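Please examine the structure shown below with care.

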Amino acid sequence: MTQLKAAMAGTVFTVNVAEGDQVEAGQVIIVLESMKMEIPVETEIAGKVSSINVQVGDFVNEEDVLAVIEA
Amino acid sequence: MTKRVEQTVYNEQLKKKIEEIVAGGHPKYHERLKEQNKLFVRDRLKLLFDDGKYLEDGRFANCEANDLPADGVVTAMGKVNGQTVCVMANDSTVKAGSWGSRTVEKIIRIQEVAEKNRVPMLYLVDSAGARITDQLEMFPNRRGAGKIFHNQVRLSGFIPQICLLFGPSAAGGAYIPAFCDIVIMVEGNASMYLGSPRMAEKVIGEKVTLEEMGGARMHCTVSGCGDVLARSEEEAISEARRYLEFFPANFTEKPSLKEPIARKVGRSLEEIIPENQNAPFDMYEAIDALIDEGSFFDIKKFFASELITGLARIEGQPVGIIANQPKVKGGVLFVDSADKAAKFINLCDAFSIPLLFLADVPGFMIGTKVERDGIIRHGAKLIMAMSSATVPKISVVVRKAYGAGLYAMAGPAFEPDVCIALPTAQIAVMGPEAAVNAVYSNKIEAIEDPKERIAFVQAKHKEYKEEIDIYKMASEMIVDEIISPSDLREVLAERFRFYSTKDLPLPPKKHPVYPV
């Protein structure tokens, strides 16, 4: 199980997968927007998206868990 | 005849003594080294030095004690890439590499040799720390362990100082890596900490593993105390040799040039850099398009990765590269990235390595988290280091340089030898979206018709973009030159050659008041 965390404070720009989806290692799961930049959040492992904890437009802080991937 | 026989006896005795010393500690400790995937200290030195050859001082230190060969440290001179260097290397088969009084004296003496001969000093560390039984003779006195750190500070910026960490570097000993220019750590074996996990549990009640407390990966990714994470001792040693190729023997000399090598075959900068200012790209790929293939030496690769710092060559000339990485945290500058850049710039400036800034930076991070971390204070370290560096400095605005990000990346006010913009570059206090919001937010909210509102915002974006148009910046002589990305490598090489005679003394004073 891997938790995908926000590397920095920002808002959720896009959520690219749904719960239950199969994802590849290196795939972009969520894109944050911060400092007017797009910040892609990639999964390091392949597996199934077991939960997505945020919606587009949410403010997230550094280290907040955005999604969980199960190998 | 008798005399010759006597000589043979003496020589035999000497040979035997030396054999005992170079064998190191008890065989059971050699076995333990093998279990830990560690090399014996003398095998490390053979790998480090050209042809495996070196000359030792203090080889017979504590030889009367019988069980303390060389008193647990080898101090030697030898050549690395043809350049003389001095080395101290702990022997962990002798009392776990602990420091007795002679160990400390040997280290101090080899530092003095390095100073007198103005050659780099390498510290091959694998030591449990102070030998408690010897504390009166090695800890508090004038030529005790404190003197080693005092010497390191004295030598800092005078000669290159490199630390290779093969095992523990505990308590006070952890300051050896701290005062070196670079720390190469072997994953799984290297560690540094002031208090061991055992001590932490006893004194503050914290239960952690050694790796969590001060392992190589932790220091190379979280604390920033480590610079290079090596997979093996062999790799650590070959990386140290590669690192030294970039440096002169001391601050009075210039780094040597090498034969130019073509850039790595790959996409052009035009293909790499996206048109959308906000979209990420990989700055490593852009660096590959500018430097001699295979020449990059990454420093702190896994720490504060939103900023890349590394040594490289452009047409054979050594340069220190400071580049924002838009792929990580949007390339925004944080507390750690500011510290990382400040130390790297100091290092390059100390040893006459020219600096290349590749800017694609939205600015310094904002928000309560970073303000509480003291981002202003940390940002000031970076700006002071960059501003006071007197080596040739070239600033390239690759895509955007907003706010204090422009200052941090050697913008025009900081006397770069040239500030070059690529045609897609944007320089501004902030980006168009943020600026229009900042100036017109009340007006935008007051427009009720959504279509009209969008039209107003778009018109203001257009106006703003014209205001910060790069040709306008060049017309006002804010940037010195605009060039096509495909010409950048050649232009940089030529300009660094032109600036190689730069000599810019700072106004006389003791030193600045560092914003640490």
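In this predicted model, the largest nonpolar core holds 152 residues, and those touching the most other members are Leu164(B), Leu165(B) and Ile184(B). Helix 14 of chain B, residues 335-350, supplies the largest share of this core, with eight residues. At least three residues of the core come from each of two domains of chain B: domain 1 (2-244) and domain 2 (277-431 + 468-501).

When residues up to four places away in sequence are left out, Leu164(B) touches Leu122(B), Leu124(B), Val125(B), Ile184(B), Ala236(B), Ile237(B) and Ala240(B). Among these neighbours, Ile184(B) has already been named as one of the residues that touch the most other core members.

The view may now be widened to chain B as a whole. Chain B contains 21 helices and 16 strands, and its C-alpha trace spans about 110 × 55 × 45 Å along the principal axes. Of its 516 residues, 45% count as buried. Among contacts in chain B between residues at least 6 apart in sequence, 72% join residues that are at least 24 apart.

Finally, consider the place where the two chains meet. Here eleven residues of chain A are in contact with 15 residues of chain B. On the chain A side, strand 5 (residues 37-42) gives the most, with four residues. Sorted by class, this side of chain A has seven nonpolar, one polar and three charged residues.

Methods. Residues numbered from 1 in each chain as written. Chains lettered and ligands numbered in written order. Predicted model: local features only at pLDDT ≥ 70, side-chain atom pairs only at ≥ 80, totals over all residues. Core = buried A, V, L, I, M, F, W, Y, C linked by C-beta atoms within 7 Å. Buried ≥ 20, exposed ≤ 12 C-beta atoms within 10 Å, placed from the backbone. Helix = DSSP H or I, 4+ residues; strand = E, 2+ residues; numbered from the N terminus. Domains from an automatic or database assignment. Contact = placed C-beta atoms within 7 Å. Nonpolar A, V, L, I, M, F, W, Y, C, P; charged D, E, K, R; others polar.
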